[in-house]
Every structure is written in structure tokens, then in C-alpha cells.
Amino acid sequence: MSRLTVGDLIAMDQLGCAAVAGVTGLDRRIVWAHTSELDPWDWLGADELLMTAGLCVPPDEPAQCTFVERLHDKGLAGVIISDDATAPPLTPAMLAVADRLGFPMLRCSHTTPFAAIGRTVALASQSVQVSRVARLSRLYEHARSTSLAETSLLVRLSRELRYTLHVVDVEYGTEVLPTGNALSDKTIRVLAARVSGTLDRLPAHLTLTDGADYVMTAHALPTHRKCMLVMEGSPATDVDAFALLHVRTLIGVEVEKVTREREHADQAGEGLLRRILAGTDAAEAVTPLLEQFDLAEPEWTVLSFGTDFLPAARTITGDRGVPNVTGILDEHAYMLIPTGRSPETIDVLSGRTRAMGVSPSATTIGQISDSARQAGWALDTARSTGVPVARYSTDAPLFVPRTLSDARHATDAILGDLLLYDRGHESHLVETLETFLTHDRSWTETAEQLGIHRQSLAFRLGKIESVTGRNLKASSDIAMLWLALRARAHASALTD
């Protein structure tokens, strides 16, 4: 039995058919197509398609309305009217009746022979291959017209296949493409756990069940990201392997497109964040740029974490639709987000990185640079104390500088003489001190890092103690020197 529908004919571009009315009936099945210029209801029956040059179409409005109603009552699949000069103008009332009844009315080019349409319908009745081609035509039409539609490609293909489709990044446990009906976190966790050991070569197909009950199927996608297409629906729904192959390809292309667009946005966002932290632009100039990233908020929060985690953080927040701009400064990564989205963002990111710092809210653009600095200091606190998340407002030590001016004052007070000595003697005592403390006062590791002999290191450390007046074996002096180094690093990085 034919599976060809009126919509299938429209999807076949080579036939040159277009709907002018009754589009809600495009899923009507066609078993035969026939030409008639007499009273067609006397010659055609249910599920048959009328093809006419227009001679049987009455010219006046009431008769045209009756014409459509009689064809509908007879159960015809629809009507194709050639666009040549023999057809009368189709009145608005006639088209309105067709829309009300969901009776498809199509126009086709006069260059398309009715015989070509008739043979297509006849072949569809005999060959499943034509039905497949028709379905593929619809699938690719959905992909082509997605940019012009209000609904996403995933939603349009879900309607076509009679499944609810989802794209899951099984590496990060997120949905990549937006839908109106997201998968539950539990389902995503179950799927990610099923494939956790096979990320380098995802299974082509697997079935998810809840006990003995079928839940959904998942299929690997041909993408750089570790993604799977999840299909919710009855396993009895007919989607053959041929169509599924093309669906996977279409969705894979969409995932790659979305990923590239986000990467370009991340690059632009990094440049914007650097400008904000440098304070080189007026707030009036920055505000419209923030609006482009959906960050025109009254309050912002800055998160800080290791640079190695930045790609994952961008991916996770991008999939979850969290507005943000990110960047790397002073070997720290920073993310600016709306304060209203900070609880969920902190929650989802904190379980994936060893340490993260959180700033207090900034209520003006000018305060964002201070918030970034505070987030960086909070990250240092998280790393030193071993907690996964440190909030500057509650977790950072009280003696950590609170503002840029405080940081500069601490730097000058503790490291000022050492900085002056380096400038006057072209030496590297500050670098030596930071390397020594970073490597937990290991002489061997410090000498190797600096590329100098241990005797040269001993001379430099002695000079540092002499210039600063501090003892590198005293815990209190070491603490002050370390905090001054961190304050200097944050202050200089965020004002470069």
C-alpha cells in the first residue's frame, strides 16, 4: 500500500508543486493520481489526487467554494491546478474553504507534465524505495528551511519521525540542542554511565530500559563531540535504517554548526572580558556589547578555575544556555555570568573541577574587575584549603586585599624594596622568590626551574632576605611574602 502523501509530492522539488491552501491536510495519503476536466467527483474517489489544467474549476467565487467542498466530501487526497492560462484565478473564499477543511490545493508549473506526477504516484504504490526517497526529501527540506522557521531542526524532525529526539553529550552529560521537553538528569546520567568506558568509540546503537520496560534508544552521532541521538517513542514506530542514517547525518551537521558558532562567540567574549577587566572602555561602550551576550543584567558574578577546565566549562554552560563570557589571565580562567544564574552554574561546574573561586556580586560594570580579582583570590583559597568551592565573601581570609588599591599597597609595602632592587640591578629576585615558594621551598626544583646552580640560588635567597628584611625560614614572613606575590600577580594581570 502506498505511503506517499501530498506533502511528499511538495518535498520533491523536481515536480515543482507548492501548496496554496489546506496545508493542514498535507499528510493525506495518495493511492492514485488522475487528470480530469469534467466533474471530477464523478470520476475520482477516496485518496485519489485530481490533476487539472483548470478547465473544471469554476470562475465565480460561490461555485469555487462548492467545488472544493464536493472534492473534500468525496474523500479526494487533494487537487493540483496547473499555473497555465486556462485556470481561472483562485478566489480568497475558495482558499479559505480549503484551509478550513484541511483540503490540500496545490499549484504546479506548466512545465511539469501531469504524467510525471502520475508515474511518481504509481511507482509509490509499487515500490517502497520511492516512499523512502519521498521521506528523505521531507527530511532535507526540514533541514533547509530550519533557519527560516520558528521551530528547531530537532523539533521538526521529531514531528516527522513521530519520536521525541534529543542530542546528548555523553562526555559532559548535557543536551546539546534545545527542545521544549528536556530529558531528565537521571536519564542523562544513566546514558552517560552506560557509555563511560567507550567514549573513544561510542556504540552505534543501544536501548535504555527501566526494569523490563522499554524507555528509549540511543544512536552515536558523527560529530567531534561525544554525542548520541536519543529517541523517545514507541519502538514500533517505523523508522528504517536508511532514513535513520540520514537523520543522524543531518543532526550531526547541526551539532557541528552550533559548536562552531559557540566557539566564535567564546573568542569574541574573551576579548570583551579583557576589555572590561582592563577598564579601558566606558560603561556606555561596554553595555551594548554585554547585551549581545545576554549579559545586560543588574548584577554579575565572576567564577575562577584552572585554565585546563575552561573548555569543559564553556561547553557545559553553553549547552545549558547560561549567558557568559570567559577568558584566561594570570594562569587563571574567569567566567562572567548573571548572578541570578550563579547557583545552578556553580552547582553543575563544581563537581567537575578540583577547585573554584566565586566572587561577590558586582552591581556596576566598573566593579567587575574587582570581582574577577576576588574570584582569583578565592580560587587560591580553595586550592590551599582543599575545598571544591571558595566564596570570597565568606571563605577568603580577612587579610587578603579587598580592592585593587589594597593589593598595590600590600605589594609596595612587602615587595617594594625587592622590586626596586631588581629594576636597579637588572636582577631576578622577585621571580626567584615566587619560584622558590611555588615549589614549596625545594632547592632542587627551584634551581631546575630557573636553570641555575644551587650556589647561585643560595646567593639569591640570601640577597632576598637582606633586601626585604624577612627570614625565609619563618612561617610568618613566608606567609606575608606569598600573599604579597599573589596580590601583585592578580593586580598586574587584571590591569595589563
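Biologist: Which backbone nitrogen does a side-chain oxygen of Asp60 reach at the start of α2?

Modeller: That of Ala63, to within 3.2 Å. The cut-off for a polar contact is 3.5 Å, so this distance meets it. The model is a predicted one.

Biologist: How do you know that the span of helix α2 agrees with its number of residues?

Modeller: Helix α2 covers residues 61-74, which is 14 residues. At 1.5 Å a residue it should span 20 Å, and its end C-alpha atoms are 20 Å apart, so the two values agree. After α2 comes Gly75, with a positive phi near 90°.

Biologist: Which residues of α2 are buried?

Modeller: Gln64, Cys65, Phe67, Val68 and Leu71. Seen down the helix axis, these buried residues fall within an arc of 155°, and therefore they line one face of α2. The face turned away from the buried side carries Pro62 and Asp73, which are exposed.

Biologist: What covers the buried residues of α2?

Modeller: The cover includes the strands β3 (48-52), β4 (78-82) and β5 (105-108), along with helix α3 (92-101).

Biologist: What makes Trp41 and Phe67 an edge-to-face pair?

Modeller: A search of the whole structure finds three aromatic pairs, and Trp41 with Phe67 is one of them. Their rings are 5.9 Å apart, centre to centre, with 65° between the planes. Trp41 and Phe67 are both buried.

Biologist: Why is the pair of Phe305 and Phe309 called edge-to-face?

Modeller: The ring centres of Phe305 and Phe309 are 5.3 Å apart and the planes stand at 85°, so the pair is edge-to-face. Phe305 and Phe309 are buried as well.

Biologist: Why is Arg225 counted as buried?

Modeller: Its relative accessibility is 14%, and buried means under 20%, so Arg225 counts as buried. Arg225 is in the loop between β9 (213-220) and β10 (227-232).

Biologist: What makes the approach of the Arg225 side chain to the side chain of Asp169 a polar contact?

Modeller: The distance is 2.9 Å, and the limit is 3.5 Å, so the pair qualifies. Leaving aside neighbours within four places in sequence, residues in contact with Arg225 include Asp169, Thr174, Glu256, Arg262 and Asp319.

Biologist: Which residues have the most contacts inside the largest nonpolar core?

Modeller: Leu415, Leu418, Leu433, Leu437, Ile464, Leu472 and Leu481, in a core of 21 residues. At least two residues of this core come from each of α13 (404-425), α14 (429-438), α15 (443-450), α16 (454-468) and α17 (475-493). Helix α14 gives the most, with five residues. Beyond four places in sequence, Ile464 touches Leu418, Leu429, Thr432, Leu433, Gly469 and Leu472. Another core, of 20 residues, lies apart from the largest one, and Trp41, Leu44, Leu50 and Val79 are among its members.

Biologist: How many helices and strands are there in the protein, and what share of its residues count as buried?

Modeller: There are 17 helices and 15 strands. Of the 496 residues, 50% count as buried. Among contacts between residues at least 6 apart in sequence, 65% join residues at least 24 apart.

Technical notes
Residues are numbered from 1 along each chain as its sequence is written. This is a predicted model: local features need pLDDT of at least 70, side-chain atom pairs count only at pLDDT 80 or more; totals for chains, interfaces and linings use all residues. Side-chain values use heavy atoms; hydrogens and water are left out. Helices (H or I, at least four residues) and strands (E, at least two) are DSSP runs, numbered from the N terminus. The expected span of a helix is 1.5 Å times one less than its number of residues. Buried means under 20% relative accessible area, exposed over 50%, partly exposed in between (1.4 Å probe, protein chains only). The arc is that of the directions from the helix axis to the C-beta atoms. Contact means heavy atoms within 4.5 Å. A polar contact is a pair of N or O atoms within 3.5 Å; within protein, one must be able to donate a hydrogen and the other to accept it, and residues adjacent in sequence count only if both atoms are side-chain atoms. A nonpolar core is a set of buried Ala, Val, Leu, Ile, Met, Phe, Trp, Tyr and Cys residues joined through side-chain atoms within 4.5 Å. Rings of Phe, Tyr and Trp (its six-membered ring) pair if their centres lie within 6.5 Å; planes under 30 degrees apart count as stacked, over 60 as edge-to-face and the rest as tilted.
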